[in-house]
Amino acid sequence: MDPDEGAGIESSSMRELVECDGVSTVEPHEGMEFESEDAAKIFYDEYARRVGFVMRVMSCRRSERDGRILARRLGCNKEGHCVSIRGRFGPVRKPRPSTREGCKAMIHVKYDKSGKWVITKFVRDHNHPLVLSPREARQTMDEKDKKIQELTADLRNKKRLCAAYQEQLTSFMKIVEEHNDKLSKKVQNVVNNLKEYECIEHELLHDR
């Protein structure tokens, strides 16, 4: 796994490996911790791409007090079954081929009192063949899945940019702090020189 892709995952969790097309990939497991919900999404999306399915962002549980998300379910895009929408006079729209197959594969992540996001449930097995070719995987996605994958990839890139900007900002702040320290010392030297000059001037006036 790329170091950037593992960002946000607790190092103690990097132990379960699964071989996917000759590449070792970290497999989710109960107790695996993440720094944030987004970190969990990025990890599961990368795992899905390596294993051969498309991640779907599913249901969540919110706090009744402030509405923030406390738990989230992430699964396979073939989860559930499409239901035909019918009106009084038959189907509302022309049915299209369904990509749903009732797949149960998923992880459930929950916000812990420690401040981490923890996997509390992991279902590994899929009820359909996995697709290791990116081109074939794209063909099985509906528009919603494609949008989710695009947004997840965009989020991953933005997090990398934010980390780079944070590093640059930290370096800049360090330079500013060092410059301020030097400037403060120079100002203090000027003040000390003025005080010394005033003392000398006072002594000369007193001697007159």
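The following legends describe close-up views of a predicted model.

View 1. Five strands, with antiparallel pairing, make up an open sheet whose order is 3-9-8-5-4. Strand 3 (33-34) and strand 4 (55-62) lie at the edges, and each has a single partner strand, so one side of each is left without a neighbour in the sheet. Phe34 has Trp117 of strand 9 as its bridge partner. Helix 1 packs on the sheet and touches strand 3, strand 4, strand 5, strand 8 and strand 9. The direction of helix 1 makes about 10 degrees with that of strand 5.

**View 2. Strand 5 and its two partners.** Strand 4 is paired with strand 5 through six bridges, in the antiparallel sense. Within this pair, Arg61 stands opposite Ala71 of strand 5. The two strands form a hairpin, with six residues between them. In the turn of this hairpin, Gly67 has a positive phi of about 80 degrees. Strand 5 also pairs with strand 8, again in the antiparallel sense, over five bridges. Here Arg73 is placed opposite His108 of strand 8. Seven of the eight residues of strand 5 are buried, so this strand is largely enclosed by the rest of the structure.

View 3. Helix 1 contains 15 residues and, at 1.5 Å a residue, should span 21 Å. The C-alpha atoms at its ends are 21 Å apart, in agreement with that expectation. The helix is mostly covered, as twelve of its 15 residues are buried. Among the buried residues are Ala39, Ala40, Ile42, Phe43, Tyr44, Tyr47, Ala48 and Val51. The buried set also includes Glu37, Lys41, Asp45 and Glu46.

**View 4. The largest nonpolar core.** This core has 22 residues, of which Phe34, Tyr44, Phe53, Ile107 and Ile119 touch the most other members. Two or more residues each are supplied by helix 1 (37-51), strand 5 (69-76), strand 8 (106-111) and strand 9 (117-123). The greatest contribution, seven residues, is that of helix 1.

**View 5. The surroundings of Ile107.** Neighbours within four places in sequence are left aside in this view. Ile107 is then in contact with Pro28, Tyr44, Arg72, Arg73, Leu74, Ile119, Lys121 and Phe122. Two of these residues, Tyr44 and Ile119, are listed with Ile107 among the core residues that touch the most other members.

View 6. What separates the sulfur of Cys76 from the closest cysteine sulfur? That closest sulfur belongs to Cys103 and lies 4.0 Å away, too far for a bond. A disulfide would require the two sulfur atoms to be within 2.5 Å. Cys103 is accordingly in no disulfide, and its nearest cysteine sulfur is that of Cys76. By this rule the model has zero disulfides. Cys76 is buried, with a relative accessible area of 0%. Cys103 is likewise buried, and its relative accessible area is 1%.

Definitions and conventions: Residues numbered from 1 in each chain as written. Predicted model: local features only at pLDDT ≥ 70, side-chain atom pairs only at ≥ 80, totals over all residues. Heavy atoms only, no water. Core = buried A, V, L, I, M, F, W, Y, C linked by side-chain atoms within 4.5 Å. Buried < 20%, exposed > 50% of the residue type's maximum accessible area, 1.4 Å probe, protein only. Helix = DSSP H or I, 4+ residues; strand = E, 2+ residues; numbered from the N terminus. Contact = heavy atoms within 4.5 Å. Pairing = 2+ DSSP bridges. Axes fitted to C-alpha atoms, helices over the stretch in contact; angles between N-to-C directions. Expected span 1.5 Å × (residues − 1).
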